[in-house]
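Welcome, and please have your viewer ready for a short walk along two interfaces.

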Amino acid sequence: MINKLLIIIGIIGMLLILLPILVNFQSPTNLSALAEEYVRGSVNDLKSPNVVTSVVVTYRGLDTLGEVTVLFLATLGVGFLLENKKNKSTQRTVSENIRTTSSFLVSLIMVLGIYIFTHGHLSPGGGFQGGVVIASGFLLLILSDLDFKISHAILRFVESISGLVYVLIGLIGLVLTIGFLNPAILPLGKYGDLFSAGAIPLIYSLIGLKVGSELTNIIATMGSDRSSESVVKEER
Amino acid sequence: MNSLIIIGLGVIMIAAAIFTIYQKSIVSAIISAGVISLLASVIYLILGSPDVAMTEASIGSALTTVVFLYALNRMRKEKKDDK
Amino acid sequence: MEMIFALITLIGALFLFLGALGLVRMPDVYNRMQAGTKATTLGTILFSLGIGLANFGSGWCGKIVIIILFVIATNPVSSNVIARAAHFSGIKLAKLSLKDELKEDDEKTEGGTL
Amino acid sequence: MIETLILGFILLLIGLYAMLSQKNIIKIILGFSIADTGVHIIIVSLGYLKGRRAPILDSAVDIANSVKEVVDPIPSALVLTAIVIGLATTALMLVFAAELHKRKASFSIDDYKELKW
Amino acid sequence: MVSLIYQISAGLIILSLLLTLFRLFKGPTVADRIVALDAMTIISISLIVLIAHIAQRIIYLDVAIVYGLVSFIGVVAFARYLERGL
Amino acid sequence: MNKAKSFIIATILLFITWILLSGIATQEVIFGGITALIISLLFLTRLTVLGDIKFGIKPFIFSIGYFFLFSWELLKSNLDVARRVISPKLPINPGIVKVKTKLKSPLGRAFLANSITLTPGTLTVEMRGEYFYIHWIDVTGCDINCATDKIVAKFEKYLEVIFG
């Protein structure tokens, strides 16, 4: 009873906190000065059509580095907490249809992922989305192929190398130009081309590889109690 | 037209959220939570931020539900081992 | 001309609606799947085709073609996978069904499933 | 846009209610993810400007006059990373739930009262 | 006239989403709900394409492609969970 | 041999996909596409699947015929679904039947199963060796041979030439 009362009080308190925002809300008519600066700078200084990308990679690049680090720590936590006992389990075989279809579909998904993170400055998408799509491709491989095993050593290698190069590019920016993670260390190119906007495609590709390998690691760790040797496939 | 779509989607999302709370079966609750994040990505698209829409579509529909399913699967297997 | 493309889009939306209606009206999960898969596949194809033709050229067509191919490739596969899982997990056919040869064969060979 | 703002608030409150009232651990985590979605919708709709377009300046947008054409890019950039982090924290919470379930074979939060394990 | 037809299409799509939502709530088994989720994702792809046409932006179609492919994987994962193959 | 053929076909298909996604085919898009292909082809696990496709005049003509047959059947099946859904009495008498197929190649079998799913009143439930189990919305009480004639034969004629 007292429990329910507390819950209701909590909800009403939250409502009271939120209500002023709702009542006083009026749709803004102009961008704030900061956003205007970002939009202009993205066109003139960086030559990157996607303003969100230039905010994520350049203007707020340090934040993104922090976010990637948080993701890395979460992956570490998942791997640390889950102990993998190899229990013997019976598993259903995969349908033949999806086994055939997915063998081609997986490389299609990989092409899509690479498209998304290399075109991060031209179209919606970028490192985070591309990394997630690549992790989904690995997930389809795990779901459709019982014999498929991911080598954790390779994942760790890709993850640490891309993270290292990411920080290194930031430091090069500090030496050559005026700021950490400044993309002007490479030539800016023509507005709207694939290889333009300086180092933004390179940095976003590295973020994509890092996020993709981390998420693949999470999935593989959580699903890995279907242990490799002791799986008894149900043949029928 | 946009506000018509938003009101329709909003009703569906709120209904799915309430269903998530009061559903007894956990798998059904996970399915309707997946519906919420699927439709949220359409709303982000109407609000003019396709980057967020793409992130929500790829993460909400596949990876979040799969992570939930993997965790449930581990718990289900333990229960079977005890018996 | 624009009118015709808009009408193609409307027919696609109509098929989508029919698929959803079939999902509600059919008696068991396999019949629902039949209505759901077929009608939504053709509905999405016609819908995208109408909009792709209305914006002919200028890069729309390539992406519309890719969407249509993805839908054709993935939709039947996913319904096949769900049907197999449903049959395996023991969901019975509706009362008015005539026969179930898959179940008969399972019982003949193994005597019970996993 | 006011409609999406209200929608975000309602989702946030529903998620909060689920987190406070439910006993099942998985339900609590689901409530967290609903509240997460609500907060993201609120942030994005605060950055929306009526009648404007997505902040990607390709040929469909007047580039010279872009400041008057696009919506605010900063909330999008914030939410973008927040969603990915949300997935990682959800995975971490689920791993904790699995470990708890291993101790007592129970989903109910009422069974874990010892404050140590 | 043309825009009226597009509005009718949008209304039909919202209506079919509501119908699939009804099946998702009512469905006696989990498999029914998964079928409803699958139909819902396919219908939403059409909705995204329609929004791209209204806003006249090609780039929104990328979202539709990702949406279709990735939600397929989600449905496969649900089915594998149901048949105890995860 | 089969593997090399499959590799070449996969490369061409994925490259076309890349060009369609990019929208334009400038020099650097092609360069980026080749880089992407090299990475993504590493994930084609069972490379021999696509090697079943046959080349030549006859398979080409038959694949065009298959395309038109498939489109016609898809349209017919939707009208069928519409008729059944709208009519207030729901005229169905469903059941799962067994049919037999001659196809051996995995790709041909996958195409057959998906075509069956999209044609009037049928849905593939399970594929086991040479038997397919099919949920049929209108079981007419005939045995395996007549069910095979009604469901499988029209596609098999084409797919046998295209995929072997």
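## Stop one: chains E and C

Select chain E and chain C together: across their interface, eight residue pairs are in polar contact, both residues of each pair at pLDDT 80 or more. A polar contact here is a pair of N or O atoms within 3.5 Å; within protein, one must be able to donate a hydrogen and the other to accept it, and residues adjacent in sequence count only if both atoms are side-chain atoms.

Before moving on, a word on the model. It is predicted, so local features need pLDDT of at least 70 and side-chain atom pairs count only at pLDDT 80 or more, while totals for chains, interfaces and linings use all residues. Residues are numbered from 1 along each chain as its sequence is written, chains are lettered from A and ligands numbered from 1 in the order in which they are written, and side-chain values use heavy atoms, with hydrogens and water left out.

Now show helix H1 (2-26), helix H2 (30-55) and helix H3 (60-82) of chain E, the elements that each give two or more residues to the side touching chain C. (Helices are DSSP runs of H or I, at least four residues, and strands are runs of E, at least two, numbered from the N terminus.) H2(E) gives the most to this side, with 15 residues.

Next, zoom in on E:Asp32 and C:Arg32. They form a salt bridge, with the closest N and O atoms 2.2 Å apart; the term means a side-chain nitrogen of Lys or Arg within 4 Å of a carboxyl oxygen of Asp or Glu. The interface of chain E and chain C has three salt bridges.

Step back to see the whole surface: 44 residues of chain E are in contact (heavy atoms within 4.5 Å) with 45 residues of chain C. The two chains bury about 4100 Å² between them, 79% of it on carbon and sulfur atoms. Buried area is the accessible area (1.4 Å probe) that two parts lose on being put together, summed over both.

## Stop two: chains A and E

Turn to chain A with chain E, where 19 residues from chain A meet 15 residues from chain E. About 1500 Å² is buried here, and carbon and sulfur atoms give 74% of that. Pick out A:Arg92, A:Pro124 and A:Leu143: in chain A they lose the most area to chain E, together 34% of what that side buries.

How many salt bridges are there between chain A and chain E? The count is zero.
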